[in-house]
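This report looks at how parts of a protein chain are held against one another. Please keep the sequence and the model in view while reading.

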Amino acid sequence: MTATMRHPSGPFARFRDPGVLALACCASVVLLSACGGGQEDSGGADAATKADPTAAFTTTTPAQTVPELKRGAHLNRSELEVAEQQARAADTSPSQAALDNVETGEIAAKSAYLSGAVARKALAVRIPVYRFSNSSTGAHFFTTSTAERDNVVATLSPPFSLEGEAFSVASAFSPGLSSVHRFYNTQTGVHFYTISEAERANVVASFPHFSYEGVAYHASQVAGAGLTPFYRFYVPGKGFHFYTANEAEKDNIIANLAATYSYEGVGYHVLARDWRAEKLPHTGITSSQCFQTGSNVLTVCSGAPVTALNARQDGNRTNINPMSYSTVGGHALTQCVQDSITGLIWEGKEANGDRASGKTYTHLSNGLDADTSGYVAHVNTVALCGFNDWRLPTRQELLTLMRYGVSTAPFINTTWFPNTAESEHWSVELDSADNTRAWYVSFQFRQSNVSERSNVKSVRLVRGALPIGPRFSYSTVAYGVDGANNAVNDAWTGLQWRRCEQGRFWSGSACTGTRSQFEHEQALAHAQIHSDWRMPNVKELSSLVDLSPSSGAVRIDPIAFPGASHLSYWSSSPVVQGSTNTSLNAWIVTLYSGTVYATARDSNHAVRLVRTSP
């Protein structure tokens with residue numbers, strides 16, 4: 001039996017449609033991924049493989065083509081190196097630093113890749129790549145078309161067996177991504193992919209048997225958060241490339257098949273299969289600020305008394321997106337500073353002058369110097385740090401700066417944000433129930449509420465793209481008697497939520513039953529028994545608040561969370577106060593008003609569980 005694949009027909013006759021990725025690859029069934037991609041959670045090539053998995057492949061590559069193909073690999077590597085240099089240079093260029101300003105063919109600023117902003121932006125056009133194994137040939141088949149996937153399952157199974165999503169790509173241009181070109185090799189029956197324009201031109205000029213089929217999808221030439229390296233190998237004796245996004249498989253091939261597989265490095269970067277990786281900065285609660293059973297004394301989170309109560313408290317997760325910052329193009333911290341997790345660039349504050357931390361403003365949108373609108377116009381006119389797209393932050397953006405693990409105000413990292421006023425700071429959102437009021441965040445009391453717009457408060461401006469594209473999607477996760485689509489995937493934060501509060505169950509269309517209310521310790525103990533779910537921290541919980549509903553409406557998305565209660569919900573975050581390391585209170589968020597505040601741990605509130613999407 002050979003693994004040779006012919007150009008498909010029938011349900012696979014989509015190869016020449018640039019909008020659909022359909023790959024036929026030549027490899028032994030022992031390999032868990034093949035030409036066009038790999039499955040990230042697969043075990044990779046077996047180290048005990050006894051033979052070259054391409055040994056059955058019968059096509060011979062003309063000797064003169066091998067040097068040209070090696071030259072192509074060099075062209076690709078060189079182009080990736082140039083892209084990396086361009087990305088770092090763009091960090092100091094105001095015109096390119098804003099992700100929304102990046103046009104087709106341009107490379108974004110390196111910070112946009114590192115913060116995950118490029119990957120998050122691509123969520124609006126993200127499509128999964130599905131992988132099939134063919135039990136008859138030992139080959140693999142990949143497609144991004146759900147219609148084609150379903151047709152194969154319905155009509156060609158067996159021999160084709162669906163193995164799920166392998167990785168993700170972007171179906172159309174998204175800022176920071178580049179076109180990936182696809183060729184069909186008429187001699188071998190497999191496909192060749194490159195993101196390099198130079199290599200594309202070289203293939204067109206040098207290999208007439210490579211039929212150019214256009215742009216297959218979009219990926220990244222620059223590494224970053226939410227992106228996965230897409231490795232490429234060349235098999236000189238067989239005349240085709242092997243690709244995988246699975247690092248373990250890549251390592252196994254290098255270790256066991258180096259005699260026949262020539263490793264060519266990273267071809268480009270695809271969207272990670274775990275595209276919902278967490279995107280919120282941590283709260284700043286430390287690893288010694290966890291609760292134990294029967295006590296309000298905060299203690300070391302790794303200790304047995306803590307893990308017996310709940311091993312997934314806020315302080316147990318300090319290594320998940322710890323709050324971190326960096327300078328911007330050599331500018332002083334009193335001018336601007338960047339959040340390394342969100343990618344947002346924040347205005348720094350001066351001790352004196354036009355941007356003094358002690359200055360306060362109304363929020364009337366009247367354009368006057370003493371109003372937030374006038375201040376925004378002024379900062380953009382002077383082009384602070386070289387930028388003229390400064391704006392008022394959203395409430396949630398301000399809350400990402402909050403440092404909950406310290407006991408003295410201002411509750412922000414004053415090393416990175418010197419001269420911060422211990423005061424309330426305006427956000428951009430007006431109160432949807434009364435537009436004479438607007439939302440603020442207090443760095444004095446760690447709370448968020450509304451205030452009359454005629455009042456004066458502090459201002460800290462921000463720049464960076466707001467989340468766009470579809471926010472919520474739905475998955476089915478085993479949980480009690482829950483029906484299908486019982487989990488909400490939040491593309492903006494990377495979190496996955498139960499659609500129902502604890503005590504209620506998802507029927508498939510609504511939450512049924514009676515919601516439970518718990519004291520805080522009871523809530524932690526209850527959440528402990530659900531192995532892969534946990535109580536959210538205060539920043540995660542506040543991210544669900546929807547400030548748009550009018551008076552009386554529950555401030556949470558009614559489609560994603562139908563029938564949600566207006567009650568207050570517990571977070572796992574303690575209220576750190578004084579020097580006694582005792583916390584009688586924990587942070588809650590109420591969905592009636594949208595406010596964030598502290599309350600006694602012996603009071604009763606609802607619970608909604610969260611987890612990181614698998």
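The cover over the buried residues of helix α9 includes strands β13 (345–347) and β14 (424–430), where buried means under 20% relative accessible area, exposed over 50% and partly exposed in between, with a 1.4 Å probe and protein chains only. Those buried residues of α9, which spans residues 372–381, are T372, G374, Y375, V376, V379 and N380. Helices (H or I, at least four residues) and strands (E, at least two) are DSSP runs, numbered from the N terminus. After α9 comes A383, with a positive phi near 55 degrees.

This is a predicted model, in which local features need pLDDT of at least 70 and side-chain atom pairs count only at pLDDT 80 or more, while totals for chains, interfaces and linings use all residues. Residues are numbered from 1 along each chain as its sequence is written, and side-chain values use heavy atoms, with hydrogens and water left out.

A search of the whole structure finds 3 disulfides, each being a pair of cysteine sulfur atoms within 2.5 Å.

| Disulfide | S-S torsion | Hand |
|---|---|---|
| C290 and C301 | about 95 degrees | right-handed |
| C336 and C385 | about -110 degrees | left-handed |
| C500 and C511 | about -100 degrees | left-handed |

Because C336 lies in strand β12 (residues 336–339) and C385 in the loop between α9 and α10 (395–400), this pair ties together parts that are 49 residues apart in sequence. C336 counts as buried because its relative accessibility is 0%, and C385 counts as buried at 7%. Both C500 and C511 are buried as well.

Methods. Contact = heavy atoms within 4.5 Å.
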